[in-house]
Number of protein chains: 2
Amino acid sequence: MTFERLSALIDKEIGRLQFNSRPENLYEPMAYMLGLGGKRIRPLLVLLGYSLFKNDPEKITKSALAVEVFHNFTLMHDDILDKAPLRRGQPSVHEKWNESTAILSGDTMMIRAYELLENVAPEYLPSALRLFNQCAVEVCEGQQMDMNYEQQEEVSEQEYLEMIRLKTAVLLGFSLQLGGLLAGANEKSQLQLRELGIYLGMAFQLMDDHLDTFGNTGTFGKHIGGDILANKKTLLLISALALSNSENQARLADWLRQITFNDQDKIDGVKSIYKECGVEKISHEKIQSYESHALGVLKSLDGDESIKDMIEKYLYKLKQRVE
Amino acid sequence: MTFERLSALIDKEIGRLQFNSRPENLYEPMAYMLGLGGKRIRPLLVLLGYSLFKNDPEKITKSALAVEVFHNFTLMHDDILDKAPLRRGQPSVHEKWNESTAILSGDTMMIRAYELLENVAPEYLPSALRLFNQCAVEVCEGQQMDMNYEQQEEVSEQEYLEMIRLKTAVLLGFSLQLGGLLAGANEKSQLQLRELGIYLGMAFQLMDDHLDTFGNTGTFGKHIGGDILANKKTLLLISALALSNSENQARLADWLRQITFNDQDKIDGVKSIYKECGVEKISHEKIQSYESHALGVLKSLDGDESIKDMIEKYLYKLKQRVE
């Protein structure tokens with residue numbers, strides 16, 4: 001089993017997804033959303049978790065897509081909530097169609113995720129459904145916290161980490177655990193897989209935040225500085241507010257208060273404060289800490305060593321996009 | 001087993017539903033929505049379908065709530081889509097909180113419906129999940145059609161009936177079928193229960209439309225004439241457009257075109273056209289036809305005769321609200 005083969009399995013199965021044809025404006029947005037691409041990290045994690053214990057991943061590829069379809073549903077609704085005009089460089093669904101369509105197509109997409117779970121073998125279905133429900137609720141809780149924190153004056157580091165754990169990390173944890181569950185892995189291995197996914201999710205989200213400020217457009221492929229312009233309370237901002245000296249605190253508070261500014265000036269100004277008070281390093285260390293926790297769990301896992309290597313290589317590959 | 005006992009079981013179990021406490025603005029709207037009341041028709045149908053074959057409905061009350069929670073999720077999102085300021089005489093969730101909260105709370109509420117399905121015995125879970133998914137998708141399709149028909153110039157009777165079948169009737173069909181499934185009823189009985197629920201759903205929706213025009217405020221408890229004011233393409237309007245003479249067609253077209261009018265004048269004007277061209281009678285006959293189909297299926301059903309009587313009485317009780 002090679003990584004490319006797992007990846008091809010996912011792509012083939014996504015290509016096979018059938019949507020009803022009518023009403024068109026309910027189903028076209030779903031196909032559009034899934035067609036925008038993405039790295040398909042979550043279903044790949046399901047197959048990797050499974051492949052640790054069994055070597056016939058084609059048997060569970062349909063079930064694995066549940067996490068990808070669910071993820072795309074959350075993106076469709078989050079884009080409405082965040083008023084995001086673009087998704088992967090293309091118009092978001094509520095822009096291309098309208099908000100009502102994005103709401104209802106998203107709802108249907110969530111149900112489609114549950115439909116894909118129908119492919120889970122009956123003996124694993126009760127656990128799969130329970131774990132999926134728990135994860136799905138947590139993702140919504142995370143999104144609600146994220147929105148609340150926009151209005152909340154002060155957000156602590158702990159609150160922020162809990163928010164990204166729920167909004168991002170638990171779905172990666174569920175993906176790996178689902179793979180283990182479907183392969184018949186024991187409870188201990190399943191919980192380790194979940195833990196591994198959560199550490200990875202934390203590391204990925206913190207890297208994303210890090211690069212939003214410190215990346216360069218060429219390799220990161222996104223507009224740099226968006227979080228700074230939006231006063232997003234990331235770990236960087238939270239740490240800077242907590243750790244900078246009084247002069248930098250005042251400068252930072254000033255930038256946060258400004259309503260009219262030159263974008264690049266604000267980005268450069270805030271970035272220089274971040275560097276001075278050492279939050280670039282703090283953020284980097286936090287990411288490394290989650291990564292090394294993840295690698296520690298990976299090492300202690302039971303299962304096929306060649307797949308463990310594959311998981312480790314995949315993590316480095318995902319990281320390269322980043323550094 | 002009495003009807004009152006089944007109803008009390010539902011109310012008790014709804015009272016027991018636990019919601020997480022944080023984030024508050026994710027969970028309060030769910031409790032608010034369920035607290036607005038309603039007749040709890042759908043979970044009652046689950047218990048009635050079950051009680052035909054088994055006499056321990058308390059065993060499945062939690063599972064039965066899945067349909068009530070799902071129904072309330074659809075109301076929360078539909079109120080956004082329909083821009084409805086009120087729900088059961090109280091501010092709708094997007095009015096009381098805001099649209100983002102209504103979207104995300106609704107999402108979480110749908111997941112809660114799936115969580116309640118975790119209470120289904122493992123041997124019935126694959127079927128219950130499959131049937132629930134199918135029904136849930138159909139409800140969304142129906143809602144999308146309903147929205148599309150607002151923009152569509154002409155809607156046929158067949159299109160309208162298919163829309164209300166999906167939007168309203170299939171969930172009643174699923175509710176009765178779920179009851180039968182959980183009681184171990186055979187495939188034939190399950191399909192009959194589904195059919196019964198669909199006929200009932202059609203009859204109820206058509207009665208609702210009928211009373212929106214021909215009811216009286218005192219007994220119907222809703223504002224009369226809302227569909228007429230909104231040019232809603234109900235069976236009444238569709239039939240009137242198809243059947244009225246050229247003079248009435250012209251009068252009707254005129255009312256539909258008017259942008260400024262006195263509400264009561266329009267209601268009275270359109271109503272008199274409806275009466276003249278006989279659509280009051282047509283609508284009434286259509287309702288009776290679905291009812292008699294429902295009663296026919298009910299009579300042919302296997303199961304406890306005293307529960308069949310109870311179902312029949314319940315239908316008459318629901319109808320009384322109406323006539």
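Two residues are in contact if their C-beta atoms, placed from the backbone, lie within 7 Å. This is a predicted model, in which local features need pLDDT of at least 70, side-chain atom pairs count only at pLDDT 80 or more, and totals for chains, interfaces and linings use all residues. Residues are numbered from 1 along each chain as its sequence is written, while chains are lettered from A and ligands numbered from 1 in the order in which they are written.

**Exercise 1.** Describe the side of chain B that touches chain A.

*Solution.* Start with the count: chain B gives 31 residues to the contact, and chain A gives 31 residues. Next, look for the elements that give two or more residues on the chain B side: helix 2 (24–35), helix 4 (61–81), helix 6 (99–116) and helix 7 (125–151). Helices here are DSSP runs (H or I, at least four residues), numbered from the N terminus. Helix 7 of chain B brings the largest share, 14 residues.

**Exercise 2.** Find how chain B can be laid on chain A.

*Solution.* Superpose the copies by least squares on the C-alpha atoms of residues with pLDDT of at least 70 in both. A turn of 180 degrees and a shift of 0.0 Å along the axis give an RMSD of 0.0 Å. The two copies are therefore related as by a two-fold rotation axis. Now compare surfaces: 100% of the interface residues of chain B are also interface residues in chain A, so the copies meet through the same surface.

**Exercise 3.** Decide whether A:Glu187 is buried or exposed.

*Solution.* First locate A:Glu187 in helix 9 (residues 187–214) of chain A. Then count: 10 other C-beta atoms lie within 10 Å, so A:Glu187 is exposed (12 or fewer).

Technical notes:
A residue is buried if 20 or more other C-beta atoms lie within 10 Å of its own, exposed if 12 or fewer, and partly exposed in between; C-beta atoms are placed from the backbone.
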